[in-house]
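Reader: I have a model open and would like to learn how to read its features. Where should I start?

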Amino acid sequence: MNTMKRLSRILSIFVLLMSFMLASSAVSDAQEADRVYVSGKIYTVDEEFSTASAFAVKDGQFIYVGDDAGVKAYIGPLTFVFDLEGKTVIPGLHDAHVHIRYGERILYPRTPDIRAKIGDWASVERMQEVIKRCLATGEGMRPGPEPRWLVLSGWMSDVWDPPEFRKELIDAVAPDNSVFISRYTHGSGANSKALELAGITRDTPDPPGGHIKKDKNGEPTGEFVERAPRELTRLVPSLPPMTDYEISRNLVEGTQLAVASGLTTIHGASMTGYEEVQRRIKLYDVGLLRIRINEMVREDAAKKLGKPLNHDNKYFIRSVKAFADGALGSRGALFLKEYSDYPGYYGEPRQNEDQIAKSATELLKIGFNMRIHCIGDGANRVAINAYERALEATGTDGKKARFALEHCQVLTAEDVPRLAKLGIVASMQPLHAIEDMHFAEARMGPERLKYAYIWRDLLDLGVVVATGTDYSVSPYNPFYTLHAAVTRQDRDNNPPGGWIPEQAMTREEALRAATMGGAYVMFAEDILGSIEVGKLADFVVIPVDYMTIPAEDIWKIEPEMTVIGGEAVYTRPVQAQK
Ligand SMILES: [Zn+2]
């Protein structure tokens, strides 16, 4: 923006301010807003999905939502009036499932990722180049005697030709050092040197919770499904633990990245422990954490807390995270029938139905809901059965319990209606669908695929869908999620027409799932999730109209301002504005 234009903008705000002040000298103290926003295109995401052009904020809450004429009654001598100049406003966005490692993954990474960025896939050549670079520079090398271990992350072999992780691919560039690389999510792989040191051969049995992949001759390929064998992992030298300062800095600076992307509430899915909860409370108390966090804690932490926590409407603990299986790409997802591309194998169970039913019942009695990681139809079945038992055992209505299936990726025809019946929330990640489209059909075949990533069918049944990214599995940008939910395409517009486009959401549904959906699963739909009188003033100003721009451009939206509780916690630097 040039100087003249900026000057005229400031003048116009001033004139507007003066005219409102003159017009409203009689405003009462109780009605006098701290800030008033006018001339916007505001999608309130209320029940009717109504629009407004103005709202007033006082003490961090919306006290009026309506039009420019109506908002005048809230403008007093000290009210700051902000002209939105026709820009679009949406409620603050939720990420209903995120691993809050923004700082550790982006600002201060400790384990290098072979991908250029999260959301991209690394080719074999790129993986080999990164390994060569690390061996030359020492990046990613673990402390210990020579030859040192190299530890990396981020491979995804389904886009390779052939689509298999093989130890020889690493041996070719790292014959002497042991190399261990995590998959981009769940699962890992190692080279021959690492297998040799660990003594892993064709005769090594599968570790608990994991599987050693072997080729047709029975030799280990180097790939591990879910948990890698202890013989190997115990040899990998750990990094020195992060200091308290580093952990806090990662959290504080990292969550500002989330705020800059338009997120105002994030749901932590990392089974946070009691000690870490205390740290986060302190960071809120000293004003360092600004984003709202809804935490999914470990079961023991919930029991130690004894009841749900709401710390100043900023930090919420009401849920417990657990796992029923692993991931689809790694073949850790638990299925009722064998994998289509790996006969005789059903995936890796984690907690069973009895364990989950017991936990869910006990937690429900002290006010917590469970949010269980479920990918395969077998895992979803286990969790749904367990939830049903907990509801029956406690005589609780499902809509009051709000148990959730985290990911809720593959269901069966029989289980789909049970979600609606039992009031179970589907916490889904639209980005996973457009990433998994590379291998989902190979893993499960066309029949099971009919009940996979079915957010459209679930919405039609009245199931509440809350969307998230599962960062750092997928990029944390919430506009990528809105784009994937609506288009079922990746950000290169592939596949043409979308992957199983019948399951796409409308833009309205996608925005609701990214706002009210998140608020609902954390029992905060009365204070968060929409722009309505009485709710906390969380909103995002964006330069284009989300509802009318071409769908393929939704992922490109960059917020100009993010507001949490009436406070602008992010404004896009002026020089970055076009
Ligand atoms: Zn996760």
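Author: Buried means under 20% relative accessible area, exposed over 50%, and partly exposed in between, with a 1.4 Å probe and protein chains only. This is a predicted model, in which local features need pLDDT of at least 70, side-chain atom pairs count only at pLDDT 80 or more, and totals for chains, interfaces and linings use all residues. Residues are numbered from 1 along each chain as its sequence is written, and side-chain values use heavy atoms, with hydrogens and water left out.

Reader: What does S472 touch?

Author: Contact means heavy atoms within 4.5 Å. Not counting residues up to four places away in sequence, S472 touches H99, R101, R105, R115 and I118. With the side chain of R105, the S472 side chain makes a polar contact at 3.2 Å. A polar contact is a pair of N or O atoms within 3.5 Å; within protein, one must be able to donate a hydrogen and the other to accept it, and residues adjacent in sequence count only if both atoms are side-chain atoms.

Reader: Where in the fold is S472?

Author: S472 is in the loop between β21 and α18. Helices (H or I, at least four residues) and strands (E, at least two) are DSSP runs, numbered from the N terminus.

Reader: Which residues coordinate the zinc ion?

Author: Donors are N, O and S atoms within 2.8 Å of the metal (3.2 Å for Na, K and Ca); water is not among the atoms, so sites may look incomplete. Here the zinc ion is coordinated by H97 (NE2), H99 (NE2) and D470 (OD), at 2.1 to 2.2 Å. Along the chain, these donors follow the spacing H-x1-H-x370-D.

Reader: Are H99 and D470 buried or exposed?

Author: H99 counts as buried because its relative accessibility is 17%. D470 is buried too, with a relative accessible area of 7%.

Reader: How many residues of α18 are buried?

Author: Ten of the ten residues of α18 are buried, so the helix is largely enclosed by the rest of the structure. Among them are P478, F479 and H483. N477 caps the N-terminal end of α18, with a side-chain oxygen 2.8 Å from the backbone nitrogen of F479. Just after α18, R488 takes a positive phi of about 50 degrees.

Reader: What about arginines? Is R456 buried or exposed?

Author: R456, in helix α17 (residues 455-460), counts as buried because its relative accessibility is 14%. Leaving aside neighbours within four places in sequence, R456 is in contact with E502, Q503, A504, M505, T506 and E509. The R456 side chain reaches the backbone oxygen of A504 at 3.1 Å. R371, in strand β18 (residues 369-374), is buried with a relative accessible area of 0%. The R371 side chain makes a polar contact with that of H267, at 3.1 Å.

Reader: What is the order of the strands in the open sheet of four strands?

Author: Two strands pair if DSSP finds at least two bridges between them. The order is β5-β4-β1-β6, with mixed pairing. The edge strands, β5 (61-66) and β6 (80-83), each pair on one side only. Strand β1 (residues 35-38) pairs with β6 in the parallel sense over four bridges, and Y37 stands opposite F82 in β6.
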